[in-house]
Amino acid sequence: VCVPYRLMHGEVLYRDVLHLWGPFASHLNALLFRIVPFEPIQTLFLAGAANILLCGLLLDRAARRFLEDRNRMLLQGLFLFGVAFPGALGRQGGIWTPYAFDYAYGMTWSLCALVAALSASEKPGPLRWTLLGLAIAGSLLTKVDAFAGPLLAAAVLVASGGGFRPVSWVL
């Protein structure tokens, strides 16, 4: 909460404010603090909820290509209880907490890159390649160390031409 709040009050990231990750999450949260008429912590919880919804939709969009309906539902359940709301399983944290936004936004950008890579492999075109590039750039501007895997997967999808078939088994 402190970093975006300090940015909102005129301090500069990396000069006045020590921060270990990319600038995207801090600047986006500072912008949200300015435009959303709630307290900063409430704003972050709302942003986290919107991010979970977006991640779920992107994950489902990508999974349609590889998984049957039953397996997609299992994947969504694993996402919700394993990543988004681990407290339901007795674990701390989750991507909806105000302290995990570099990770949460990075995951969203990586899922955007995966969906854009799938789209570009199905129907190549300049707009799809541009969206893929923007999604990769967004991921690199957040928490890059956690998302090298999904970005590599997006690159493999594009390079392979997307010749994958749905998986018909349950883990």
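Author: What follows is a set of questions about this predicted model, with the reasoning behind each answer.

Reader: Let's begin with the overall picture. What elements make up the protein chain?

Author: The protein chain has 7 helices and 0 strands. Read from the N terminus, the order is α-α-α-α-α-α-α. Of its 171 residues, 42% count as buried.

Reader: How much of the contact in the chain comes from residues 24 or more positions apart?

Author: Among contacts with a separation of 6 or more, such residues account for 62%.

Reader: How do you know that the length of helix 5 agrees with what a helix should span?

Author: Helix 5 covers residues 101-122, which is 22 residues. At 1.5 Å a residue the helix should span 32 Å, and its end C-alpha atoms are 31 Å apart, so the two values agree. Helix 5 is also mostly covered, with 18 of its 22 residues buried.

Reader: Now the pairs. What makes helix 3 and helix 4 roughly antiparallel?

Author: Helix 3 (residues 40-63) and helix 4 (residues 69-84) have axes that come within 10 Å and cross at roughly 150°. Angles over 145 degrees count as roughly antiparallel, and therefore helix 3 and helix 4 get that name. Their crossing is right-handed.

Reader: Which residues meet between helix 3 and helix 4?

Author: On the helix 3 side they include I52, C55, L59 and D60, and on the helix 4 side they include R72, L75, Q76 and F79.

Reader: Why is D60 called buried?

Author: The relative accessibility of D60 is 16%. Buried means under 20%, so D60 counts as buried.

Reader: Why is the pair of helix 3 and helix 5 called roughly parallel?

Author: The axes of helix 3 and helix 5 come within 9 Å and cross at roughly 25°. That makes helix 3 roughly parallel to helix 5, because angles under 35 degrees count that way. Helix 3 passes helix 5 in a left-handed crossing. Among the residues that meet are L44, A47, C55 and L58 in helix 3, and F101, A104, L111 and C112 in helix 5.

Reader: And what makes helix 5 and helix 6 roughly antiparallel?

Author: Helix 5 and helix 6 pack at an angle of about 160°, with their axes 8 Å apart. The cut-off is over 145 degrees, and therefore helix 5 and helix 6 are roughly antiparallel to each other. This crossing is left-handed. C112 and A113 in helix 5 are among the residues that meet helix 6, whose side includes L131 and L134.

Reader: C55 and C112 have both come up. How do you know that C55 and C112 are too far apart for a bond?

Author: A disulfide is a covalent bond between the sulfur atoms of two cysteines. To count here, the sulfur atoms must be within 2.5 Å. The sulfur of C55 is 8.0 Å from the closest cysteine sulfur, in C112, so the gap is too far for a bond. By this rule the count comes to 0 disulfides.

Reader: What makes L134 exposed?

Author: L134 sits in helix 6 (residues 126-140). Its relative accessible area is 52%, and exposed means over 50%, so L134 is exposed. L134 and C112 are 22 residues apart in sequence and 9.2 Å apart in space, C-alpha to C-alpha.

Reader: One last residue, then. Why is Y14 partly exposed?

Author: Y14 is in the loop between helix 1 (2-8) and helix 2 (24-35). Y14 has a relative accessible area of 46%, which falls between the 20% and 50% limits, so Y14 is partly exposed. Leaving aside residues up to four places away in sequence, Y14 touches H19, W21, G22 and P23. Phi of Y14 is near 75°, a positive value in a residue other than glycine.

Note on methods: Residues are numbered from 1 along each chain as its sequence is written. This is a predicted model: local features need pLDDT of at least 70, side-chain atom pairs count only at pLDDT 80 or more; totals for chains, interfaces and linings use all residues. Side-chain values use heavy atoms; hydrogens and water are left out. Helices (H or I, at least four residues) and strands (E, at least two) are DSSP runs, numbered from the N terminus. Buried means under 20% relative accessible area, exposed over 50%, partly exposed in between (1.4 Å probe, protein chains only). Contact means heavy atoms within 4.5 Å. The expected span of a helix is 1.5 Å times one less than its number of residues. Axes are lines fitted to C-alpha atoms, for helices over the stretch in contact, and angles run from 0 to 180 degrees between N-to-C directions. Angles under 35 degrees count as roughly parallel, over 145 as roughly antiparallel, 65 to 115 as roughly perpendicular and the rest as oblique. A crossing is left-handed if the near helix is turned anticlockwise from the far one by less than a right angle, and right-handed if clockwise.
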